[in-house]
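My plan is to look up one thing at a time and write down what I find.

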Amino acid sequence: MKIHEQNKIRIKLQAYNHNLLNKSCTTILDTARRTNAKTKGPVALPSKRKIYCVLRSPHVDKDSREHFEIKFHIKIIDIYDSSSQTIDSLMKLNIPSGVDIEVKL
């Protein structure tokens with residue numbers, strides 16, 4: 001088990017749109033499997049909500065408000081037994097804009 005911990009690449013993906021997130025997860029998994037690397041995931045973490053409260057009229061009614069929310073969808077992919085070819089192919093991927101990627105070695 002310690003051998004896997006040393007060669008692990010953890011990829012954390014965040015997006016507002018869950019469809020873009022799913023497409024980018026499948027492209028990452030396909031490239032990792034093409035280079036014979038073992039993968040775990042994608043593991044879906046709980047989505048975070050951010051709520052904004054805005055006054056409808058700026059001067060008169062304080063009681064009249066509107067609420068808007070944004071959801072962050074988060075997924076994690078772990079790649080084990082990666083080679084230099086795996087890392088090169090992951091760096092050359094075209095991932096759609098709107099998906100934030102964080103890679104930890």
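**Entry 1: asparagine 36**

Is asparagine 36 buried or exposed? I looked up its relative accessible area and found 67%. Exposed means over 50%, so asparagine 36 is exposed. I note here that I am working with a predicted model.

Next I checked where asparagine 36 sits. It lies in the loop between α2 and β2. Most residues other than glycine have a negative phi.

**Entry 2: aspartate 81**

I then turned to aspartate 81. Its phi is near 55 degrees, again a positive value in a residue other than glycine. I found aspartate 81 in the loop between β3 (65-80) and α3. Its relative accessibility is 32%.

**Entry 3: the whole chain**

I counted 3 helices and 4 strands. From the N terminus on, they run α-β-α-β-β-α-β. The radius of gyration is 19 Å, while the globule rule gives 13 Å for 105 residues, so the chain is more spread out than a compact globule. I also looked up the span of the C-alpha trace. Along the principal axes it is about 65 × 30 × 15 Å.

How much of the chain is buried? Of the 105 residues, 24% count as buried. The accessible surface comes to about 7,800 Å². Carbon and sulfur atoms hold 52% of that surface. For contacts with a separation of 6 or more, I found that 74% join residues 24 or more positions apart.

I picked leucine 29, which is found in helix α2 (residues 18-34). Its relative accessibility is 8%. Buried means under 20%, so leucine 29 counts as buried.

What does leucine 29 touch, leaving aside its neighbours within four places in sequence? I listed Thr39, Gly41, Pro42 and Ile77. For glycine 41 I also looked up the spacing. Leucine 29 and glycine 41 are 12 residues apart in sequence and 8.6 Å apart in space, C-alpha to C-alpha.

The bond from glycine 41 to proline 42 is cis, with omega near 5 degrees. Most peptide bonds are trans. Proline 42 lies in strand β2.

**Entry 4: tyrosine 52**

I stayed on strand β2 (residues 38-55), where tyrosine 52 is found. Tyrosine 52 is partly exposed, with a relative accessible area of 40%. Leaving aside neighbours within four places in sequence, I found tyrosine 52 in contact with Glu66, His67, Phe68 and Ile70. Tyrosine 52 and histidine 67 are 15 residues apart in sequence. In space they are 5.6 Å apart, C-alpha to C-alpha.

**Entry 5: the largest pocket**

My last stop was the largest pocket. Its volume is about 210 Å³. Which element gives the most to its lining? It is α3, with 3 residues. I saw that β1 (9-15), α3 (84-91) and β4 (99-104) each supply at least two residues of the lining.

I wrote down some of the lining residues, including Ile9, Ile28, Met91 and Val103. Then I sorted the lining by class. I got 11 nonpolar, no polar and no charged residues.

Terms used. Residues are numbered from 1 along each chain as its sequence is written. This is a predicted model: local features need pLDDT of at least 70, side-chain atom pairs count only at pLDDT 80 or more; totals for chains, interfaces and linings use all residues. Side-chain values use heavy atoms; hydrogens and water are left out. On a 1 Å grid over the protein atoms alone, a cavity is a set of points where a 1.4 Å probe fits but cannot get out, and a pocket is an open set with protein on both sides within 12 Å along at least five of seven lines; lining residues have an atom within 4 Å of a point. Grid points are joined across faces, edges and corners, and a volume is the space filled by probe spheres set on the points. Ala, Val, Leu, Ile, Met, Phe, Trp, Tyr, Cys and Pro count as nonpolar, Asp, Glu, Lys and Arg as charged, and the others, Gly among them, as polar. The radius of gyration is taken over C-alpha atoms; the globule rule is 2.2 Å times the number of residues to the power 0.38. Buried means under 20% relative accessible area, exposed over 50%, partly exposed in between (1.4 Å probe, protein chains only). Contact means heavy atoms within 4.5 Å. Accessible areas come from the Shrake-Rupley method with a 1.4 Å probe; for residues, only the protein chains shown count as cover.
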